[in-house]
Each structure stands twice: as structure tokens, then as C-alpha cells.
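Here is a short tour of some charged side chains and a helix. Have a look at the chain before reading on.

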Amino acid sequence: MGRGKVEMKRIENKINRQVTFSKRRGGLLKKAHEISVLCDAEVALIVFSTKGKLFEYATDSCMEKILERYERYSYAERQLVAPDSDQSSGNWNLEYAKLKARIELLQRNHRHYMGEDLDTLSLKEIQNLEQQLDSALKHIRSRKNQLMYESISELQKKERAIQEQNSMLTKKIKEKEKTVAQQAEWEQQNNGPNSSPFLLQQQLPCLNIGGNYQGQAEEERRNDLDLTLEPLFSCHLGCFAA
């Protein structure tokens, strides 16, 4: 027995109306999915129930992109049909309503991304939201890893530059120490046993061992003075004797 034709009018029974809405809504979403897969078409479906509950389907969860494309297409089509139509107040009201609806959609999606107002979502919508969050989390982690890798590379470059600078400073210090050692060795050789008598004579007065050498030097100077003064005294005595 064939199924009877359903008259297209509002179902008065509330329960029957709700059951019919659930069945037809599921079939409509299924058909939208089928046409998007079979025909490789971009499909966006929006359904509001009597209570204001939203049900939507979009190809690859790109509802915003499809709506933007629809708005661009509608605007271009209106410009071709009536270029001066934007000047009328009716079109401005239409644009305002579209922008308002878009803002509300963005705000609702933002609340869903923040984990709020999830009671109105179905299981499939929650699964789609979860997939979007997982994809966004992967992008975020990828970007974080890239920034960390760049930071580590920069630190490694700074480390190599500091090591090279330390190596240069160490080399300069060793060269300086070598120069000082050579200079000290040269001075020691010049002040050693093979040095000239003139240097020894200049260095001897500087030696003082218990004060003996200083006293001996003074005694020798007195003897030299006596030897110098003795002929003078002899000369004077000869003069007095004459």
C-alpha cells in the first residue's frame, strides 16, 4: 500500500509537529551532505526551530567562508541589476540586518570556542567543534615549536660567538704572558754573571749585607783621601822648613 500524499500546511499537533521537524531536519542535513560529497559542491544549511534553536551544516565546517562568498555574489548581482540600489533605505536596512546576523554568528561561534553555550549544540556539531579546536591546537603547537626552535638557534649562535671571543682573549693572554716571560728572561741574562763590569759597578753599591760592605767602602774612600792629602802635607812641611 502506497504512502499517502501529505498536505503542505502547518501541523497543528505540537508533538507531531516536533516529530516531523526532527525527521525532516535529519533528512535535509543528510541530503545536504550527500550533494556536497557527490557533486563536490559547497553547501551551507541553516535551520532555526520554533524555539529558536539553531541547526546548521556547512561543507568542511566553513560556514563563514560560504556566507562571505554568498554576500559577495549577492552584492555583485545587485550591482548588475540595479547599480544605484544601495542608495535606497531598504537596501541599507538589508545590509544592516546581514551584518547584524553575521556579528551574532561570530559571537556565538566565539562562545562555543570558549566552551560556553554548548547546550544548544547537537552531538555532530560538538564533534565538528572538537575537530576545529584540535586543528587550531595543532597549528598553535606547531607555531610554538617553531618559535622555540628559532630561539634555541639564536642562543646557539650567541654561544658560539662568545666562545670565539673567549678563545681570542685566551690567545691574547697567552701571548702577553709569553712576551712578559721573554722580557724577564732577557733582563735576567743582562743582570747575570756575564754582564759588563760597568753594570756590576753600578749594582754593587746597592748591595748591603749587614752594613759591612757600606763600612768597607767608606774606609776605602778615607784611605784614598789620605793618599791624596799626604803629598800636600809634605809640600807644606817643606816650605815651612825652608
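Predicted model: local features only at pLDDT ≥ 70, side-chain atom pairs only at ≥ 80, totals over all residues.

## Arginine 102 and its partners

The side chain of arginine 102 meets that of glutamate 71 in a salt bridge, at 3.9 Å from N to O. That distance falls inside the 4 Å cut-off for a salt bridge. Because arginine 102 sits in helix α3 and glutamate 71 in helix α2, the pair ties together parts that are 31 residues apart in sequence.

## Helix α3 to strand β2

Next up is arginine 108, whose side chain forms a salt bridge with that of glutamate 56 at 3.2 Å, N to O. The two come from distant parts of the chain, 52 residues apart: arginine 108 belongs to helix α3 (residues 89–113), while glutamate 56 belongs to strand β2 (residues 54–58).

Which side of the burial cut-off does arginine 108 fall on? Its relative accessible area is 13%, so arginine 108 is buried, the limit being under 20%. Glutamate 56 comes out as partly exposed, at 23% relative accessibility.

How many salt bridges turn up overall? The count comes to 6. One of them pairs the side chains of glutamate 42 and arginine 69, with 3.0 Å from N to O. Glutamate 42 is in the loop between α1 and β1 (44–48) and arginine 69 is in helix α2 (residues 63–81), so this pair ties together parts 27 residues apart in sequence.

As for accessibility, glutamate 42 is at 52% and counts as exposed, because exposed means over 50%. Arginine 69, at 49%, counts as partly exposed.

Helix α1 covers residues 14–38, which makes 25 residues. From first C-alpha to last, α1 reaches 36 Å, close to the 36 Å expected at 1.5 Å a residue.

What happens at the start of α1? There, a side-chain oxygen of asparagine 13 comes to within 2.9 Å of the backbone nitrogen of isoleucine 15. Just after α1, aspartate 40 has a positive phi of about 55°.

Notes: Residues numbered from 1 in each chain as written. Heavy atoms only, no water. Helix = DSSP H or I, 4+ residues; strand = E, 2+ residues; numbered from the N terminus. Expected span 1.5 Å × (residues − 1). Polar contact = N/O pair within 3.5 Å; in protein donor to acceptor, adjacent residues only side chain to side chain. Buried < 20%, exposed > 50% of the residue type's maximum accessible area, 1.4 Å probe, protein only.
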